[in-house]
Amino acid sequence: MALDGWLDRYSLKLRTSAEAVALVRSGQRVFIQGASATPTLLLSALAERASELVGVRLVHLHTEGASPFLQPAVLSGFRHEALFVGANLRAAVNSGQADYIPIFLSEVPRLFASGLLPIDVALIHVSPPDAHGFCSLGVSVDVTMAAIHQARSVIALVNAAMPRTHGAGFIHVDQIDAIVEVDTPLPEIRMPQPGRSRTPDRRARRDADRGRGDPATGHGSIPNAVLAQLGGHRNLGLHTEMFSDGVIDLVEAGVITGTRNPIHPGNRHHSRWARSGCTTSSTTTRKWRWPRSHNDTSVIRRNHRMVAINSAIEIDLTGQVCAASIGDRVYSGFGGQTDFIRGAALADGGKAIIAPPPMAAERGGLAHRRAAQRGRDGDADQAHVHYVVTEYGIAHLYGKNLRERAEALIQIAHPSVRDELRAFARDRNRA
């Protein structure tokens, strides 16, 4: 790419937000970069065109902030097609105002490339260009590059506050059709801090023991609590879809060094610069220099002693996990859970761990009676799950028959529901 001339071409592409989104036409499918890279200014400008547009479909993973496309005056022109459902879209999906496409996160790029879900326009949020004219996708790489490769038009919000991150997440200004410059803070999500309840800490210690000395992955209150228990470990590696500030603490303390990583080995003499893998960030600005890597199961399994820690909404007595829905109501989506569960299970010395939230066990949700009675399909089938961890213990399910699984899960359910669950299991010849 020639060094001379790109700045002039960049200047010719500068637009107001209204001018930039004028590229969108009725009937097109528009990809929206998500998490803390959600291009809110562009979305607001596009919603202002509701009276001019019909049948515009908005494809994305979870986005931050309220959607401007769910207002009554705007609904007729736009419809969300979520590949993962965040809190801002959950009610709309379940009321029929928006759509959800079930898919593993690792398969989304293939879906775009196949033409089954064609992308006409990509709305992205990037860093200012470097001396060579390359902008970084910053805090949310995930499937954005795959969307850019397929899009006919690319509209970029270039934000001075967007950090440059390493990995395969760069786009040259010549690949962008319209540019809107801003200097505004990125949205942050404050995750619950561990230690406020003894329950997550007890579970976290068990999770940490299952994965001692090993790479680990996870996002949310349980993984945060696990990270807080890893201070005594050394030379850990990380390969994850998302991570929170607890990872930065461990890198700066020399716990996560990546020196033994088979894919992106770090430098044992400079542990604070350890190479760690993730695809998107959506918590605090402390970590926004870190995103990297992806959810490909064939890559995940190359990590020696890989440990994947994921949560669940419901687990039935066979070990089937529901993490994307509650009954027939969509809660989130498949995301990368199955990618990491399977990748860890296939890794040499790997472990796949499910850690339901404390309230699930307290209301009997670990082996939830309604889930068992429905007999509905889960997000991860019985063969995927190796370990289930609660504040009451660890159930090792791998290699166990259905009766043995039921008893192991009942043993780590809330004491108040164990007798009921045993009776339920007996009624179905599982005890």
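Predicted model: local features only at pLDDT ≥ 70, side-chain atom pairs only at ≥ 80, totals over all residues.
Reader: Is histidine 386 buried or exposed?
Author: A residue counts as buried when its relative accessible area is under 20%. Histidine 386 has a relative accessibility of 8%, so it counts as buried.

Reader: Which residues does histidine 386 touch?
Author: Residues up to four places away in sequence are not counted here. With those set aside, histidine 386 touches Ala345, Ala352, Ala395, His396, Leu397 and Tyr398.

Reader: How many of the residues in the protein are buried, as a percentage?
Author: The protein has 431 residues, with 15 helices and 18 strands. Of the 431 residues, the buried ones make up 56%.

Reader: What share of the contacts with a separation of 6 or more comes from residues 24 or more positions apart?
Author: The share is taken among contacts in the protein with a separation of 6 or more. Residues 24 or more positions apart account for 69%.

Reader: How many aromatic pairs are there, and what is the arrangement of tryptophan 6 and tyrosine 10?
Author: The count comes to 3 aromatic pairs. The rings of tryptophan 6 and tyrosine 10 have centres 6.4 Å apart and planes at 85 degrees. Planes over 60 degrees apart count as edge-to-face. The angle of 85 degrees therefore makes the pair of tryptophan 6 and tyrosine 10 edge-to-face.

Reader: Why are tryptophan 6 and tyrosine 10 separated by about one helical turn?
Author: Both residues belong to helix H1 (residues 6–12). Tryptophan 6 is buried at 8% relative accessible area, and tyrosine 10 is buried at 6%. The separation is about one helical turn because the two residues are 4 residues apart in helix H1.

Reader: How many residues apart are phenylalanine 31 and phenylalanine 112?
Author: Phenylalanine 31 and phenylalanine 112 form an edge-to-face aromatic pair, 6.0 Å centre to centre with 75 degrees between the planes. Phenylalanine 31 lies in strand S1 (residues 29–32) and phenylalanine 112 in helix H5 (residues 108–114). The pair links distant parts of the chain, and the two residues are 81 residues apart.

Reader: Which ring does the charged end of arginine 418 sit over?
Author: The charged end of arginine 418 is 5.7 Å from the centre of the ring. That ring belongs to tyrosine 392.

How values were computed
Residues numbered from 1 in each chain as written. Heavy atoms only, no water. Buried < 20%, exposed > 50% of the residue type's maximum accessible area, 1.4 Å probe, protein only. Contact = heavy atoms within 4.5 Å. Phe/Tyr/Trp six-rings, centres within 6.5 Å; stacked < 30°, edge-to-face > 60°. Lys NZ or Arg CZ within 6 Å of the ring centre and 35° of its normal.
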